[in-house]
Amino acid sequence: MMRREGGFDLIVISLVMALGLSLYVGRMQAAVTLPPEAKPLQRHFYKKLNTCANVEAFVNHQVNLWWNREKNITAKLLKLVYSDCMVNGCDASILLDGPNTEKNSGKNSMLDGFILIDKIKKVLEIRCPRAVSCADILQLATRDALHLAGAPSYPVLLGRRDGMESKASWVDLPSPAISIDQGIAYFKSKGLDDMDYATLLGAHTMGKTHCANVNGRLYNLNNTGKADPSMSKSELDKLRKQCPKSLKQGQKDPTVFLTDKNGEQYKFSNTYYVNVVGNSAVLKVDQDLLRNYNTTQLALEYAGAFEHLRRQFALSMSRMGSLKVLTGKQGEIRQNCRFTNKNNPNIN
């Protein structure tokens with residue numbers, strides 16, 4: 001019976017989230033359903049099992065408390081989810097401590113948000129001991145933080161289990177200088193598509209980046225000694241003021257907001273796509289959306305229709321959150337998100 005309900009949930013959620021996508025069905029081969037791995041996941045999983053009926057309320061409360069102090073938690077959690085799901089699936093392996101874990105890969109050196117996940121897990125272990133996975137906590141917390149920032153509060157299917165290992169060598173996250181073809185190919189290799197690629201890049205509307213990721217476009221594109229001609233002059237002049245050509249001795253690499261309009265508010269909006277269409281994107285990976293027909297059409301659509309972006313972003317987040325999930329007897333339910341139960345120093 002639970003399988004039937006889970007399957008029904010999957011169908012209903014996919015149909016609801018797919019509303020408004022008719023402009024693209026037939027014009028691009030975009031998926032409007034969740035990956036096959038999502039089938040074992042269910043709405044209200046813990047309520048049906050009577051193991052933690054109020055899990056979503058507990059998570060939401062902690063996220064609200066944190067977000068009221070630090071609005072940038074939304075961007076931090078989004079990066080955590082991306083770094084988790086796109087490497088070895090959504091198994092919370094990104095949360096594991098250790099010298100050779102994903103967390104300690106050079107590509108993940110700027111990750112943050114771990115303390116909030118620890119806080120939520122501590123609360124849930126008091127309320128619902130050994131019941132809720134860290135993988136589900138990460139998905140719920142990110143959904144709630146996104147909603148506070150202005151995204152829709154989409155339904156999260158639950159029932160993920162936590163991975164038993166994490167290796168830095170697994171991390172294959174692409175650089176912000178990849179081409180549009182390389183970016184789409186990477187997403188397709190993980191089970192997503194070009195619509196997911198163009199849509200999930202919209203998370204950059206709330207983020208920051210270091211000048212080291214931008215300076216090539218500002219001063220020496222592809223070792224030509226010239227600026228990127230696809231960047232508007234006004235954006236080039238503004239960024240050159242924030243990002244010097246070279247750093248003085250002891251000077252830290254500055255950071256810049258990916259969308260100035262939102263800045264420190266960390267609001268979810270379509271400003272990112274307005275900037276892309278206006279040739280004012282900060283990163284090359286963002287501006288290159290205009291180098292592909294399908295992603296250009298999506299950027300134009302999202303720049304002019306915020307509600308369309310909100311609906312599709314919810315679907316793409318759900319699709320990414322369903323990649324290579326562990327369910328049933330796979331993996332485990334960690335008691336501390338930083339350690340497998342076998343390696344947890346507080347478990348006898």
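Leu-77 is buried, with a relative accessible area of 0%. Buried means under 20% relative accessible area, exposed over 50%, and partly exposed in between, using a 1.4 Å probe and protein chains only. The model is predicted: local features need pLDDT of at least 70, side-chain atom pairs count only at pLDDT 80 or more, and totals for chains, interfaces and linings use all residues. Residues are numbered from 1 along each chain as its sequence is written, and side-chain values use heavy atoms, with hydrogens and water left out.

Leu-77 sits in helix 4, residues 73–88. Helices are DSSP runs (H or I, at least four residues), numbered from the N terminus. Leaving aside neighbours within four places in sequence, Leu-77 is in contact with residues including Gly-113, Leu-116 and Leu-138. Contact means heavy atoms within 4.5 Å.

Helix 4 packs against helix 6 (residues 134–149) at an angle of about 145°, with the axes 9 Å apart. Axes are lines fitted to C-alpha atoms, for helices over the stretch in contact, and angles run from 0 to 180 degrees between N-to-C directions. Leu-77 and Val-81 of helix 4 are among the residues that make this contact, as are Leu-138 and Ala-141 of helix 6.

Val-132 lies in the loop between helix 5 (114–127) and helix 6. Val-132 is also buried, with a relative accessible area of 1%. Its contacts, leaving aside neighbours within four places in sequence, include Tyr-46, Cys-52 and Ile-333.

Two pairs span the chain:

| Pair | Separation along the chain | C-alpha distance |
|---|---|---|
| Leu-77 and Leu-138 | 61 residues | 7.6 Å |
| Val-132 and Cys-52 | 80 residues | 7.4 Å |

Terms used: Helices (H or I, at least four residues) and strands (E, at least two) are DSSP runs, numbered from the N terminus.
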